[in-house]
Amino acid sequence: MVVKDLVKKYSEGPPAVQGISFDVRAGEFFGFLGPNGAGKSTTIKILTTLMPKSSGSVSVGGFDVDKEAHRIRKLIGVQSQETALDLDLTGQENLMLQGHLQRMGGQVLEKRVNELLGLVGLEDAAGKRVAFYSGGMKKRLDLATSLIHSPKILFLDEPTTGLDPQSRSAIWSYLKRLNKEDGITIFLTTQYLEEADKLCDRLSIVDHGQIVAQGTPEEMKREIAADAVSLTIADGLDLASDNALSEARQILRRIVGVTDVIYSGNGLTVYGKNGAFLVPEIVRALDNAQLKIATISVSTPTLDDVFLKHTGRSIRSEGHKEISVEQKKKRPFFFGRKQEVR
Amino acid sequence: MSLIQDSWHLFNRTNRKLLRKPFLIFFSLFQPIIFLLLFTQLFSRFASIPGFPADNYLLFAVPGIILQNSFTSAFQSGTAFVDDLKSGFLAKMLVTQANRYAILLGRISADSARVTVQSIIIICIGLAMGAHPATGIPGLLLMLVISALFGLGWGGMSIFIGLRTRSSESVFAIAGFLTLPLLFMSTALTPASFMPDWMQTVTKFNPISYGVDAIRVLMLSGFDWQTILEAFGVIGALIAVTMGAVVHQFRKVVG
Ligand SMILES: Nc1ncnc2c1ncn2[C@@H]1O[C@H](COP(=O)(O)OP(=O)(O)OP(=O)(O)O)[C@@H](O)[C@H]1O
Ligand SMILES: [Mg+2]
């Protein structure tokens, strides 16, 4: 799959995709990580032949997306972001219909349907109308329908958004297996850092229709080449005010071993070699400056830090090793709540 | 070949959905049946006016009611299409290997089947009330064909509006706006000779009149081929125009 200088302009608004390029090798698990409105769905729609591009070139499985769309459709399975199922039909009927449309039939199809129902844990609900399914059940069934014909390339647009942690990790392990054992190429978009980190061989981080970083998760994190110490200042000091902020930053920058200090709206992130040794220095320095620390935590860099570095905005990831001064408010480990889809 | 197969699966899908929500079969039947019951009372004296073409108003009205149903029922095609468009199910079908025109063909053939079932229900009610067709079973079959084809033609119209506006509200609004004027300015409920001149002219340009007239000769007198073939001609032209528009618009939407 090769994408070059892809641009998509909708009739209104700024271009949703502004000249992105990447390639996905056969058998690779490739991720597209980005916040709401980054252009992930737009890109997937173009790659899956659903929407014409404005310019650039796109080939999938070696076929041109404009001229050989019908060949591409034979290779791909697609799970769209909006769970597209027929609510009046049962789970089993949805799978059967999808199989028929993929030119399957007879016992082969029946066997495959049962296999997939087992796989996504919907055997018991197979005979129930999808209208009565929970959101997570629908999402799982939708994934199953996209797999019915054992596609070579699988496109997944936020497949685990809205799932509970158990279902999510079940899907993760299944996707990993599909990729590793069956050699299926997977293109996945997500807002979950952890998901991208865990699953993807390589990924692009996208924001505002542009790729801000690309590579393997390890490469990207190594690029930061430092631990991250995240801290928030106790109430009473408004970090949003320019003076206090620049003062705090200057104090922190002066500490030996600190390579960078980034302000991310809800706190400061200090990068430096060997974060555990930095913590006492930071505490001391800020204490001397009469700045009271509310929370402080050290982590090896995450994709969050990569995103932060390139966009100046944060998507705080859970799983920080915390040295808690006060109880830190639990934050979700994704980019913020999904907006209602229309 | 694959077109037929794919259409067949989508035909089954639509029918299965309909059986799960049987009220949709009666949804468009409701108004025509009320008309049938009311108007046979309201206009019962019509039959005694000189020049009225039937022995009683019921015999005269049943063909009109059949076409009224084909006409209103057709608008469900458009709203169902909009539903698929909005839910993403259309996109899901489009990324499969299925022939894209099967999406249209499966839908409209299922809708024609629905219209046929509804016409059978109206004919049965008519029979129960004493409207026995002059042409017997073959005539009844021909009536069903005419009503189904008419439904197909108007169904195309509603799918076109649905694809164009992408809103079922628009389909409903246009349906609501068109139904009564087109119905009353046709020969469905009143003989043309009872109308003022200008309205008689309108009925001549109203495709409903042609469908009604053909079903009516089958009901009242016999196989008057000239009227019947005229109906097939007009309905065929209607189908050609609306389906042409649908295919054009469908291509635009699916890219
Ligand atoms: N049909 C459309 N017409 C006009 N603008 C659109 C359309 N679809 C998307 N956009 C705009 O394009 C941009 C990218 O949207 P897109 O759906 O690709 O984002 P996304 O990365 O998938 O976001 P999310 O995580 O919310 O799904 C957004 O600013 C959006 O408002
Ligand atoms: Mg999206």
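This is a predicted model: local features need pLDDT of at least 70, side-chain atom pairs count only at pLDDT 80 or more; totals for chains, interfaces and linings use all residues.

Author: Residues are numbered from 1 along each chain as its sequence is written, chains are lettered from A and ligands numbered from 1 in the order in which they are written, and side-chain values use heavy atoms, with hydrogens and water left out.

Reader: Why is A:Cys200 called buried?

Author: Buried means under 20% relative accessible area, exposed over 50%, and partly exposed in between, with a 1.4 Å probe and protein chains only. A:Cys200 has a relative accessible area of 6%, so it is buried. B:Cys124 comes to 43% and therefore counts as partly exposed.

Reader: What makes helix 11 of chain B roughly antiparallel to helix 12 of chain B?

Author: Helices (H or I, at least four residues) and strands (E, at least two) are DSSP runs, numbered from the N terminus. Axes are lines fitted to C-alpha atoms, for helices over the stretch in contact, and angles run from 0 to 180 degrees between N-to-C directions. Helix 11 (residues 207-220) and helix 12 (residues 225-254) of chain B pack at about 150°, with axes 8 Å apart. Angles under 35 degrees count as roughly parallel, over 145 as roughly antiparallel, 65 to 115 as roughly perpendicular and the rest as oblique, so the label for helix 11 and helix 12 of chain B is roughly antiparallel. Contact means heavy atoms within 4.5 Å; among the residues making it are B:Tyr210 and B:Val217 of helix 11 and B:Ile228 and B:Val234 of helix 12.

Reader: What makes B:Gln249 buried?

Author: B:Gln249, found in helix 12 of chain B, has a relative accessible area of 6%, and is therefore buried. Not counting residues up to four places away in sequence, B:Gln249 touches B:Phe160, B:Leu163 and B:Arg164.

Reader: Why does B:Leu24 count as partly exposed?

Author: B:Leu24 lies in helix 2 (residues 23-27) of chain B. Its relative accessibility is 26%, so B:Leu24 counts as partly exposed. Leaving aside neighbours within four places in sequence, B:Leu24 is in contact with B:Leu18, B:Gln76 and B:Gln118.
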